[in-house]
Amino acid sequence: MVIKRSIPEMIFDSCNVLFLIFCSFLFLYPMWYVLVSSFSDVHAIAAGEVSFWPKGFNADAYKLVFEDQRIWTAYGNTFIYVIAGTFINLVLTTLGAYPLSRKNLEGRSLIMAFIVFTMFFSGGLIPAYLNVRELGLYDTRWALLLPGAVSAFNLIVMRTFFQSIPDSLIESAKIDGAHDFRILLRIVLPLSMPVLAVMTLFYAVGHWNSWFPAMIYLQDRNLFPLQLILREILIQSSAQNMLAGVTQDEVFRISESIKFATIIIATVPILLIYPFLQKYFVKGVMIGALKE
C-alpha cells in the first residue's frame, strides 16, 4: 500500500534531511580536516592552503611520531588503563547494581539515596588528592583505576536494566537451588549483553580520553597515558624532541603536522571499537533508562 504524502510533509522531510546533512558535515569536517592536514605538506599547512584534500602528500609526521618512544610507552599504558580499568568498572558496577535491583534487599532505597547524592555533591579535588596520597596510591597505576571504579550514573542504568528481567526467572532458579552468584552469572548476565556492551563502551571511552587524573596523580613519565602526552604536544608544544636535526625555521611548521598526526593516532583505535558495539548501544541505553 502506497501512502500519498502531502506537499507540506515532503517539504518538512526535505528540510529534515538537509538539516541532518548539515549537522553531519559540522561533526565530521573537523576530524576530516585533521586527517588531511596530517598527510599534507608542512608548507601548505603553514600557509593555510589545506581545506578538503591533502596538499602535497607527506607522511613524515607519522614517521616522526612513531619513532618517538614516548608515544609507544603511552600507548601501552593507555591499553593497560583501558583494559584493566574497564574490567574493574564492569565487575564492581555489576556487583553493586544486581543487589540493588532485588526487591528483597533491605535498605536499598537508603543506599540508592546515598549513591544519587554523590552525583550532585563531592568532596572536591583536594580531598580526593589527599585521599589517594594517604592510601599509598599516588604515582601508581592504581591511582587511575580505583578512585573512579564505579560511576553512579552507570550503576543506576544497569540496576534499572536488571529490574526489567522477569522475577519469575530468578525465583525458578532459586527453587532449583541456585544461589545469588550462580543466578547472576548464569541467568542475569547472559540476558544483559546489551547493557554490558554499553557500559563497556562508556567506561572504555572514559579511560581512553582521560588525562586529568594522570596529570594530578602521576609523576613518573613511564606511567603517563597517551592523552597526557597528546596534551603536552598540543598545548605545551613539546614536539621538539622529535625534531632532532631539523632547522629552526622548519620546527614550527613540522610541529603543526606532528600535532595533527598525533591526534589521529590517539583517536583511531577507540573509533574502531564502536562499530562492534553499535547494535547494542541504543537498545542497552533505552532499556536501562526506562522503568515500566
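**Exercises on salt bridges and fold**

Glutamate 134 and arginine 133 form a salt bridge, with their closest N and O atoms 3.8 Å apart. The model is predicted.

**Exercise 1.** Determine which parts of the chain are linked by the salt bridges of aspartate 167 with arginine 102 and lysine 103.

Solution. Start with arginine 102, whose side chain meets that of aspartate 167 at 3.4 Å, N to O. Aspartate 167 is in helix 9 (residues 167-175), while arginine 102 is in the loop between helix 4 (69-101) and helix 5 (108-120), 65 residues apart. Next, lysine 103 has a closest N to O distance of 3.9 Å to aspartate 167. Lysine 103 lies in the loop between helix 4 and helix 5, so its pairing with aspartate 167 ties together parts 64 residues apart in sequence. Finally, compare accessibility: arginine 102 is buried at 10%, aspartate 167 is partly exposed at 31%, and lysine 103 is exposed at 67%.

**Exercise 2.** Describe the secondary structure and the contacts of the protein.

Solution. The protein has 14 helices and 0 strands. Of the contacts between residues at least 6 apart in sequence, 73% join residues at least 24 apart. Buried residues account for 37% of the 292 residues.

Note on methods. Residues are numbered from 1 along each chain as its sequence is written. This is a predicted model: local features need pLDDT of at least 70, side-chain atom pairs count only at pLDDT 80 or more; totals for chains, interfaces and linings use all residues. Side-chain values use heavy atoms; hydrogens and water are left out. Helices (H or I, at least four residues) and strands (E, at least two) are DSSP runs, numbered from the N terminus. Buried means under 20% relative accessible area, exposed over 50%, partly exposed in between (1.4 Å probe, protein chains only). Contact means heavy atoms within 4.5 Å. A salt bridge is a side-chain nitrogen of Lys or Arg within 4 Å of a carboxyl oxygen of Asp or Glu.
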